[in-house]
Amino acid sequence: MSIAESHSGIIGGIAARFRTCPATGLQIDLAAERLIKANAVAAVVFLLVGGVFGLLVALTRWPAVHLLPADMFYLVLTAHGLDVLLLWILFFEMAVLYFASAVLLNCRLAAPRFAWLAFILMLVGGVLTNIAVLQGDSSVMFTSYVPMQASPNFYLGLILFAVGALIGCLVFLGTLVIAKEEKTYEGSIPLVTFGALTACIIAIFTIASGAIILIPTWLWSLGYISHIDTLMYKLIWWGMGHSSQQINVAAHVAVWYAIAAITVGAKPLSEKVSRTAFLMYILFLQLASAHHLLVEPGISAEWKVFNTSYAMYLAVLGSLIHGMTVPGAIEAAQRRNGFVNGAFEWLRKAPWGNPAFAGMFLSLVLFGFLGGISGVVLGTEQINILMHNTLYVPGHFHATVVAGTTLAFMALTYLVLPLIFQRKVILPGLAKWQPYLFAIGVSGISLFMMGAGTLGVSRRHWDITFSDAALSFDYPSAAFLMLGLNGLSAILAAVGGGLYIVITVGSLLFGEKVTADNVVEALGPMPTRKVSEAVKEYGNAGTFHLPGTYILVAVFFTAFVLYYFVNWKYVSDLWPMG
Amino acid sequence: MATKTKEPEAASERIPPMQRLLDNPFLLLFLGVTMPTVLYLMWGLMEITQIPIAE
């Protein structure tokens, strides 16, 4: 029997067409399914485009290659940031929002026509901004700081995209209301849906900040407004620019819980604690935007320290909780699955051959060790000065957004293909290696850019040899080595990313049709031959016997403390006392 | 005469305030937008507007 067979249902007086997923038993609204597919496909297309631009950036930063001339470098850098930081991720997040609401809550999607309007606005906006950048007169980079001025279509495209994303968020909230009204679930919404709600709330603040600053900037580019204050622009823009990356954090943490639940049957160690950790994101995560303004004169130390070193740490506490509870939940589930020997049998015998699980776990580790620790260092006013506006900053956010979010979304794709697109993943042997290749490449990009940044390399410089500069400057030779290794890592990441595109697109076009008989097999190796219901239910793991997780957490904290205090040592060298 | 007593089921259904907060998406939305708007945006903008204009 094909799982595409559908039936009509009437919920709340409105007819909708559903199919029953034989793997999960969920009623899937076909309108929601089509929207998930459209948003996911658009996301992958923009990942491809943005990824190619990213490789060109890395090959230009590699001094021995230095591929592009200056004007093309800044054009490509602008397009890279736009396509991967905003378009790939927000399109995929829309798919996650519709999945976490209509699918996981077993209900129809609110206002599918508005959801399509959202998709079209986002698509038109994304294409318009790309065209503006590729025309060559909008190489203002992702941050687009005034007084640099892009063409009006650059800002207009971003505004249209943001309005579309806002409508998508409202559709998500509307679906929550429908599910509650129509009692399609009991008690609290599932944890994965709660994580998606967190992402949605942060997205609404992000989009509002974007509207506040981009609409006047658009009018300024048209000549209707004479002046935009540069500091005011930076403050509000980062309310959008950094918060948009916090949407990713909430979304990919929700994806971690989802993949762990589906593949090994992991239930949260404590629903209350995990939800409280998400609440900390809702309340405090956006405040971390302030770390981009830590060296701005004119803003008080109180504002800077409160927004970063006080409030931001409460959000970090949320991440630390997730960083413990996700592996803890996996350990508890694996021990329940029979892997009880020693501290780490559960980890050794985890389904590492399943790209969904492997990608999720690598995302978790890399986000915590590379992105999390470096984020705290950047968010501390005193030690931020060591690497503010250096290449360390892109190194940090490649760890959070690429190793964290992108890898998690890639991992989820290996489950979405059979469950939503109803296609088996092609080239399973290569798919098994794809997350590892991409993770190694991205780890290199992140580490070597952070290394170069620690040596003082500026974050946006086309030529670190200063070959055409009136005043020369010599970076340490180690900085050149770092950028060379960054280039090699980018090639490796591009191979991993290209493999993901080939497998994803190939599976859509040539993948074997998934049926009720092979749907679970199509999800890849799992400890038990059934899909766990943990993803759609409220419930705790019921144990805290997690010796392996405690050891892993101790290793993490040791690395955290050492690296944090090493940076204070660097500051003491920079500003000798006495 | 029968006395009216509180049914045990109703008593056990009392939902703690924190749970009510976590189960209310629109209250969470309000908090999630208000906190950064006040602490990050408004406070920051107030400080920027108080910077004296260079003469």
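What volume does the largest cavity have? In this predicted model, the figure is about 140 Å³. That cavity is one of 7 in the structure with a volume of 30 Å³ or more. Its lining consists of 16 residues, and those nearest the centre are A:Leu86, A:Leu90, A:Ala162, A:Thr206 and A:Ile207. Several helices of chain A contribute to this lining: H2 (70–103), H4 (152–181), H5 (191–222) and H7 (243–264) each give two or more residues. Sorted by class, the lining residues of the largest cavity are 13 nonpolar and 3 polar, with no charged residues.

The second largest cavity has a volume of about 90 Å³. It is lined by 13 residues, and A:Tyr257, A:Ala261, A:Ala266, A:Pro268 and A:Ala534 are the closest to its centre. The largest share, 3 residues, comes from H7(A). Which classes are found in the lining of the second largest cavity? There are 10 nonpolar residues and 3 charged ones, but no polar residues. The lining of the largest cavity, by contrast, has 3 polar and no charged residues.

Next comes the contact between the chains. Chain B puts 25 residues into the contact, and chain A puts in 37. The size of an interface is often given as the accessible area lost when the parts come together. For chain B and chain A, the buried area is about 2700 Å², and carbon and sulfur atoms give 79% of this area. On the side of chain B, the residues that lose the most area to chain A are B:Leu22, B:Tyr40 and B:Ile48, which together make up 25% of what that side buries.

How many salt bridges does the rule find across the interface of chain B and chain A? The number is 0. Polar contacts do occur across this interface, in 8 residue pairs where both residues have pLDDT 80 or more. Two helices of chain B, H2 (17–22) and H3 (25–49), each supply at least two residues of the side that touches chain A. H3(B) gives the most, with 19 residues. By class, this side of chain B has 18 nonpolar, 5 polar and 2 charged residues.

From chain A, its lining takes A:Lys180, A:Lys183, A:Tyr185, A:Glu186, A:Gly187 and A:Ser188. From chain B, the lining takes B:Ile15, B:Pro16, B:Gln19, B:Arg20 and B:Asp23. This pocket lining has 3 nonpolar, 3 polar and 5 charged residues.

Two details of the backbone of chain A remain. Where is A:Pro147 found? A:Pro147 is in the loop between helix H3 (112–134) and H4 of chain A. A cis peptide bond joins this proline to A:Val146, with omega about 10°. The other detail concerns A:Ala111, in the loop between H2 and H3 of chain A. The phi angle of A:Ala111 is near 45°, a positive value in a residue other than glycine.

Note on methods
Residues are numbered from 1 along each chain as its sequence is written. Chains are lettered from A and ligands numbered from 1 in the order in which they are written. This is a predicted model: local features need pLDDT of at least 70, side-chain atom pairs count only at pLDDT 80 or more; totals for chains, interfaces and linings use all residues. Side-chain values use heavy atoms; hydrogens and water are left out. On a 1 Å grid over the protein atoms alone, a cavity is a set of points where a 1.4 Å probe fits but cannot get out, and a pocket is an open set with protein on both sides within 12 Å along at least five of seven lines; lining residues have an atom within 4 Å of a point. Grid points are joined across faces, edges and corners, and a volume is the space filled by probe spheres set on the points. Helices (H or I, at least four residues) and strands (E, at least two) are DSSP runs, numbered from the N terminus. Ala, Val, Leu, Ile, Met, Phe, Trp, Tyr, Cys and Pro count as nonpolar, Asp, Glu, Lys and Arg as charged, and the others, Gly among them, as polar. Contact means heavy atoms within 4.5 Å. Buried area is the accessible area (1.4 Å probe) that two parts lose on being put together, summed over both. A salt bridge is a side-chain nitrogen of Lys or Arg within 4 Å of a carboxyl oxygen of Asp or Glu. A polar contact is a pair of N or O atoms within 3.5 Å; within protein, one must be able to donate a hydrogen and the other to accept it, and residues adjacent in sequence count only if both atoms are side-chain atoms.
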